[in-house]
Structures are given as C-alpha cells and as structure tokens.
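My notes follow in the order in which I looked things up.

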Amino acid sequence: MAQPNREPATENRPSTPRWVKALALAAAVVVAVVVVVMLLAGGEHGPSRHGAWVDSLGSTSTARDA
Amino acid sequence: MGRLPWLDVHGPRRVAPAVAPGVRKLMLAVHLTSSVGWLGLLVAYIVLDLTVATNSDPQLVRAAWMGMGLLISSAIVPFAVTSLLTGIAIAAGTRWGLFRHWWVLISLLLTVFALLVLLSEAGVVARSASIAADPATAPESLLALPSTLPHSLGGLVVLLAIQTLNVYKPRGLTPYGWRKEHADRASRGL
C-alpha cells in the first residue's frame, strides 16, 4: 500500500502539479458545456425544474380526477 | 469516497491514532463497503434509469420508477452518506489528512459535490416514483416523466474519477500541506 508522498524539502513552495491544472481545465470545460446546454435548453435546470414539472403533472392529474 | 488516505492505516508515518486500531479497522471496512457499494448501486440505478428513458411499455416504466425510488432512498443515499462520514473520520487519524494532498482534497470535494446532487435528485425521484405508483396516472403521463439519466451518468463519471484518484494517488502537496510538512520538518530539526 502506498505511503503518503514524501515531497522534497524545499524552502520555496512547490507549484501546483500539472495533473491538478489539467483536471481543473477539464472541469472548467465540462461546466462550460453544461452551461451552454442549459442555455440552449431554455436556461432552466435543476431540481426546481423537475419539481415544477412534476408538480404541474400532479395538479393536472388531480384536476382530471376531480 | 473510494479508497482514500485511510488505507494507510498500517503506514509508519501515521500520527498517534485518535481511536483504537480495532475501531479504525472496523471504520475502514465500513468505508470500503459503503464506497464500493455506492458505485455498484449506482450502476443498478442506471439500468433502471435507462429503462425509463428508452422503454415505451408503461408497466415496465412504472416498475422501473418504483424501483428507482426505493433504490435511491433506501440504499444509495445511506451508502453515500456513510462513505463520506467514515472517510472523513478515518482521515483524521492519518498523516494524509483531508487538506494536505491535492488528490485527497479533490476526492473530498468531488464526493461532497456528488452527494449534494444525489440528495437533490432523491427528492425528484421520490416525487416521480410516487406519481408512477399512482394507478390513476395515465400511461402517456407516465412515459412523459423525465428520466434522471444525465445526472446518474454524470454521477458515475464522478465516482469513477474519485476511484481512479484514490488508486493512483498522484503526487502533490497543497499549499496548506506544504506549510504543515515544512513546519513538521522544522519541529524535527530536519
């Protein structure tokens, strides 16, 4: 089992690893794509969107039943 | 949270444990079980989610929604919460720490993010499952219920990313971790 990495003792703080920067870049791209898709889909997203849809369906069903 | 620093319980660099080794091992077992279980349960959920998204048989879609509702509230959420809590608890007793290494910190953030989305989706799925379980719901309304496939597939990608990070453990100290490491070395006269 791997042990915690022993970083070399340096006075200067090491820069952010490349893999962290690459991951941050990938995450930014994913967020950008999601935002674009949301905008193209009408700018609505999230639980409230689904909830509103479900709620409206429920009231329609209730009205129909009544 | 996958295999996080707590796997280092046998490492020579661990700090004095805050809990007895037996208790820590038990927590580790629970953590591993809940983390891998979360991933497996999500795969089972995606199978049902795919059924909802692609099938046109109202009875099958109704059953799938009811299964999704049970699965997410009775198994996935408890496993996810257990995974996060045990991971944090075990990390507190090792030198990996929660904020010292980039891979641990990113794993923690991704896990918290995944859990927040999961909790949000659980409410949506519960409402849809309730509608699906209602015999009065018309088949066309049932088939029109939106699936949660984008979220569940996204969740799978996030959990696999966490697992990958925890297996490879890429090097790199955070600024906080570097300061702590520096302070530790200074205190030991290195």
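**Chain A**

I began with the secondary structure of chain A: two helices and zero strands. Helices here are DSSP runs of H or I with at least four residues, strands are runs of E with at least two, and both are numbered from the N terminus. I am reading a predicted model, in which local features need pLDDT of at least 70, side-chain atom pairs count only at pLDDT 80 or more, and totals for chains, interfaces and linings use all residues. Residues are numbered from 1 along each chain as its sequence is written, while chains are lettered from A and ligands numbered from 1 in the order in which they are written.

Next I checked the length of helix α1 of chain A, residues 18-40. The expected span is 1.5 Å times one less than the number of residues. For the 23 residues of α1(A) that gives 33 Å, and the end C-alpha atoms are 33 Å apart, so the two agree.

I then asked how many of the 23 residues of α1(A) are buried. Over the 66 residues of chain A, 5% count as buried. After α1(A) comes G42(A), with a positive phi near 115°.

**Confidence**

I looked up pLDDT, the predictor's confidence in each residue from 0 to 100. Chain A has a mean of 68, with 47% of its residues at 70 or more. For chain B the mean is 87, and 89% of residues reach 70 or more. The model as a whole scores ipTM 0.72 and pTM 0.79.

In chain A, pLDDT stays under 50 over residues 50-66, for which the model has 15 contacts beyond four places in sequence. In chain B, residues 2-15 stay under 50 as well, and there the model has 45 such contacts. A contact is two residues whose C-beta atoms, placed from the backbone, lie within 7 Å. Where pLDDT is low, the predicted coordinates should not be read in detail.

Chain B has six helices and zero strands. Of its 190 residues, 36% count as buried. I also checked the range of its contacts: among those between residues at least 6 apart in sequence, 83% join residues at least 24 apart.

Which residues touch the most other members of the largest nonpolar core? They are W38(B), Y45(B), W65(B), M68(B) and I76(B), in a core of 32 residues. α1 (21-54), α2 (58-91), α3 (102-133) and α5 (149-168) of chain B each give two or more residues to this core, and α2(B) gives the largest share, 11 residues. Such a core is a set of buried Ala, Val, Leu, Ile, Met, Phe, Trp, Tyr and Cys residues joined through C-beta atoms within 7 Å. In soluble globular proteins, nonpolar side chains tend to be buried together.

V125(B) sits in helix α3 of chain B and counts as buried because it has 26 C-beta neighbours inside 10 Å. With the same exclusion of sequence neighbours, V125(B) touches M68(B), G69(B), I72(B) and T148(B).

**Along α2(B)**

The 34 residues of α2(B) should span 50 Å, and the end C-alpha atoms are 47 Å apart, which agrees. I noted a bend of about 40° at I72(B), taken as the angle between axes fitted to the seven residues ending there and the seven starting there.

Are Q59(B) and V61(B) buried or exposed? Q59(B) is exposed, with 10 other C-beta atoms within 10 Å, whereas V61(B) is buried, with 22. Both residues lie in α2(B). Leaving out neighbours within four places, V61(B) contacts T51(B), V52(B), N55(B), L142(B) and L143(B).

I finished at K169(B), in the loop between α5 and α6 (175-187) of chain B. K169(B) has a positive phi, near 45°, in a residue other than glycine. K169(B) is buried, with 22 other C-beta atoms within 10 Å.

Definitions and conventions:
A residue is buried if 20 or more other C-beta atoms lie within 10 Å of its own, exposed if 12 or fewer, and partly exposed in between; C-beta atoms are placed from the backbone.
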